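Let us walk through a protein model together, one neighbourhood at a time. Keep the sequence and the 3D view side by side as you read.

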Amino acid sequence: MFADFSGDCVRVTALDGGLVELCFDRQGDTINKLDDKAVAEFGRAVEAIAAAGEVRGVLVTSAKDVFIVGADITEFGRKFQNTADEVARDVLKANQIFVRFEDLPVPTVIAINGFALGGGLELALCGAQRVMSQAAQVGVPEVKLGLFPGFGGTVRLARVAGDRVAVEWVTGGRPVKAADALKAGVVDAVAPPEKLREEALALLWRCVEGQVDWRAAQQRKRAPVAAFDAMVYDEALARLARQAARHQPAAETAVRMMREAATCNRTRALELEAAAFGAVTQTQAARSMVQTFLNEQAVKKLARRRAEGGRKVRQAAVLGAGIMGGGIAYTTALRGTPVRMKDIAPAALELGMGEARRQLGRQVQQQRIAQDKADAILASITPQLDDAGFDTVDLLVEAVVENLAVKHKVLAALETSVAPGTVVASNTSSLRIDDIAAPLARPEDVVGLHFFNPVPVMPLVEVVRGSRSSEAAVATATAYASGLGKTPIVVKDCPGFLVNRILTAYILAFCDLVAQGEDYEHIDRVLEAFGWPMGPAYLEDVVGMDTGSHVIDVISAGYPERMRPAAHNPIRMLAQQGRLGQKSGAGFYDYDAAGGKPLRSSSKAARALVAQLQQGATSVLTDDAIVERMMVALVLEAVRCMEEGVVGSAAELDMAMLLGVGFPAWLGGPLQYADWLGLPQLLARCEALSACGPLYAAPALLREMAAAGRKFYPVA
Ligand SMILES: NC(=O)c1ccc[n+]([C@@H]2O[C@H](COP(=O)([O-])OP(=O)(O)OC[C@H]3O[C@@H](n4cnc5c(N)ncnc54)[C@H](O)[C@@H]3O)[C@@H](O)[C@H]2O)c1
């Protein structure tokens, strides 16, 4: 008789007819994950099954809503401190447990009831057969952490579903729904959630009774990939080379390794996977992206905490139906909160509504929402020229033109229409919240809610706490931003707040480089190759040269001791010449919008204008030196923001830069990058660059931390 096994994460119980059920049920948690403890317990459970001679088949289930969400990422930081060889040895040890389970002399059927991601799917692939709930999703998302599967996933996916599927899943990292997983051959059957267990059990019986050749399925996984096709790997490598992801080498490393492993038996293939996995854990991308995952969790938790005590926004209002106001109203309505949208110009209201209509039309076309739902969302936006109904509004976002006098006039007039306690949130990008609130009767109700353009797409919102903002107002604004599906980060009220302030230092470094003769197109190429989605010149073209120029002027005026106005500022010069960037068809580049998306091309006219400003100076810097000038300026401003408490934590700062301006993911954010460079080394660079101006002066915090041997991560 089989003796039950019972652990904290796994238990095995006898079923009728000589079958056993191995159930993942992590005590004290709502999910299952594969941390060291769970893997070890799984190993003991498998040994218990193997030792009981009379077992005829194993059903693997989960008692949670998920199957297994994956490895425990909080353990990665510590594990990746080990050398590549040590990491490889550790995963091979875990792999032995997986192999032991895979090779059980009886059929094993996995019932995938919910998410089986990363290690969760890798474990499921060890079973002889898999049945998946229609509500579940499977996948190997490791590439998003700068990694690839290390528990045999690359080996087994190729042998179970073929090399094309394996390469696509490993390099893409996308979660896959049941029907597609079945089509791909990753699972053997799909069942409605309520019938999953029953059908998995029935399949197990068919295996036991010899109706399903489970031994062949098991054997296939020990052999080389059956229909190995080298082309599949070569095509993937060519595609990855085009993506120029040289700073994120995981996908390419995986494909190269999988190509070699495909022709080997399982033992050798697992060794190859482990060795390559060990190596990839040492890359900057993996370290950064794993920490970014943890930062994301930390920031979500903080947002929840900061939103406590806020009032629920049942009715919102937006002032100004322009680019930002229109986007904010649309996003608010889409997320289920009715919103009033006021403007002084009927034409602006029509534009704002037209944009919402267009966006909703696209959602319907993409079958994301039904037409009647879209109609209801549009109807929940009330365009108006007066203050009707403002007395019942919980939160109001001001998005009128960027002019302090106008904002004062508008908000002062409004104060009599809204009730005390209604949160008044300004979307200003360059004014101070304290300045906006100063003449108002209830400054405690005023905060900043700095959305980024385009609002429906950009995930970050800075919640700006003025010196007189109440905790309740900050909490309400944070909760509202979270409710829109955004990531709110609370920042202090200072010129440029957090993201634009840090970005301004970077753009000023760009202006200096151009003024001293560096070619802006070359700078763009260098920074894009470094991992930025757009180089700085291209970025200014997208932002709009007039807006960009104004923002830089206003923010740098706030830090006169180090952000000196550039004597020869190419952005201002192009703005004065009417080259406003993409929106006017010409900026640093020329744009051809004929095909829909504006295509950039080099502009002789812009180059000639910039050459005038350069007054004959020519390029002298290497690519590395260009990166250093731009990135060190940015990182130092980030350190100053920490020094001044502009933001509460390194995690929030790094997330804000990743989400707000597309900071290169493989660096993990300015402060992770600073740690990677080494704070003493960064300090030495400040000294070396001191002749380039006060932007490069070492912040006191950097000196202190470097002297004390401290780093920004890990956070205690
Ligand atoms: N455009 C961006 O990329 C961006 C990004 C972040 C923040 N912001 C900030 O958002 C705010 C709005 O910017 P925008 O780009 O949407 O400007 P916009 O010019 O597109 O829209 C401003 C709108 O406000 C309306 N308006 C002016 N006075 C008004 C009043 N008294 N009452 C009601 N409506 C009035 C105008 O008619 C216009 O429709 C500014 O503070 C800006 O700094 C802009």
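Let us begin with a pair of strands: strand E8 (residues 137-139) and E9 run antiparallel and are joined by two bridges. A word on the names: helices (H or I, at least four residues) and strands (E, at least two) are DSSP runs, numbered from the N terminus. Two strands count as paired if DSSP finds at least two bridges between them. Within this pair, glutamine 137 has lysine 177 in E9 as its bridge partner.

Before going further, two notes on how to read the model. Residues are numbered from 1 along each chain as its sequence is written. This is a predicted model, in which local features need pLDDT of at least 70, side-chain atom pairs count only at pLDDT 80 or more, and totals for chains, interfaces and linings use all residues.

Now zoom out from the pair. E8 and E9 belong to an open sheet of three strands, ordered E6-E8-E9, with mixed pairing. Its edges are strand E6 (116-117) and strand E9 (176-177), each of which pairs on one side only.

E1 is joined to strand E2 (residues 10-14) by two bridges, and the two run antiparallel. Look for serine 6, which stands opposite arginine 11 in E2.

Two packed helices are described by the angle between their axes and the distance between the axes. Axes are lines fitted to C-alpha atoms, for helices over the stretch in contact, and angles run from 0 to 180 degrees between N-to-C directions.

Start with helix H5 (residues 153-161) and helix H6 (residues 163-172), whose axes come within 6 Å and cross at roughly 140 degrees. H5 and H6 are therefore oblique to each other. As for the wording, angles under 35 degrees count as roughly parallel, over 145 as roughly antiparallel, 65 to 115 as roughly perpendicular and the rest as oblique. H5 passes H6 in a right-handed crossing; a crossing is left-handed if the near helix is turned anticlockwise from the far one by less than a right angle, and right-handed if clockwise. On the H5 side the contact is made by Thr154, Leu157, Ala158 and Ala161, and on the H6 side by Asp163, Val165, Ala166, Trp169 and Val170. Here, two residues are in contact if their C-beta atoms, placed from the backbone, lie within 7 Å. Sorted by class, the contact of H5 with H6 has seven nonpolar, one polar and one charged residues. In this sorting, Ala, Val, Leu, Ile, Met, Phe, Trp, Tyr, Cys and Pro count as nonpolar, Asp, Glu, Lys and Arg as charged, and the others, Gly among them, as polar.

Val639, Met642 and Glu643 of H26 make the contact with Ala700, Leu701 and Leu702 of H30.

Helix H30 (residues 700-708) also packs with helix H29 (residues 679-688): their axes come within 8 Å and cross at roughly 135 degrees. H29 passes H30 in a left-handed crossing. The contact residues are Leu679, Pro680, Leu682 and Leu683 of H29 and Leu702, Arg703, Met705 and Ala706 of H30. In the segment after H30 you will find proline 714, and the peptide bond joining tyrosine 713 to proline 714 is cis, with omega about -5 degrees.

Finally, turn to the ligand. Of the 23 residues around the ligand, Gly320, Gly322, Met324, Ala348 and Asn453 come nearest; a residue is near a molecule if its C-beta atom, placed from the backbone, lies within 6 Å of it. By class, this shell has 13 nonpolar, seven polar and three charged residues. H14 gives the largest share of the shell, three residues. Asparagine 453 is joined to proline 454 by a cis peptide bond, with omega near -5 degrees.
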